Amino acid sequence: MAIEVGQRVKVRRLRDRIPANIVGKIKQNPVGTVDGFRMVDGSGVGVIVKFDGFATWFFEDELEPV
């Protein structure tokens, strides 16, 4: 899956690194917009997703296109 900045994505799974208050917001509305990318753990790439009022990052396998 090729994810691009500006693309709408849906969170399909969550890992335990995200705080509980953010998890609750994502479960209410799991669709956001890709805002950019970041390096994670030296070799992987994380996807920054912007939601209504906040943003956080995900691994690509946690997202699917809308």
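A: Two strands count as paired if DSSP finds at least two bridges between them; strands are DSSP runs of E with at least two residues, and helices are runs of H or I with at least four, both numbered from the N terminus. The model is predicted, so local features need pLDDT of at least 70 and side-chain atom pairs count only at pLDDT 80 or more, while totals for chains, interfaces and linings use all residues. Residues are numbered from 1 along each chain as its sequence is written, and side-chain values use heavy atoms, without hydrogens and water.

Q: What is the order of the strands in the open sheet?
A: The order is 4-3-2-1-5, with 5 strands and antiparallel pairing. Strand 4 (55–59) and strand 5 (63–65) are the edge strands, as each pairs on one side only.

Q: How many bridges join strand 2 to strand 3?
A: There are 7 bridges between strand 2 and strand 3 (residues 44–50), and the definition asks for at least two, so the strands pair. Glycine 36 has isoleucine 48 in strand 3 as its bridge partner.

Q: Why is phenylalanine 37 called partly exposed?
A: Its relative accessible area is 39%. Buried means under 20% and exposed over 50%, with partly exposed in between (1.4 Å probe, protein chains only), so phenylalanine 37 is partly exposed. This residue lies in strand 2 (residues 31–40).

Q: How does the radius of gyration of the protein compare with that of a compact globule?
A: The rule is 2.2 Å times the number of residues to the power 0.38, and the radius is taken over C-alpha atoms. For 66 residues a compact globule would have a radius near 11 Å; the protein has 11 Å, so the two agree.
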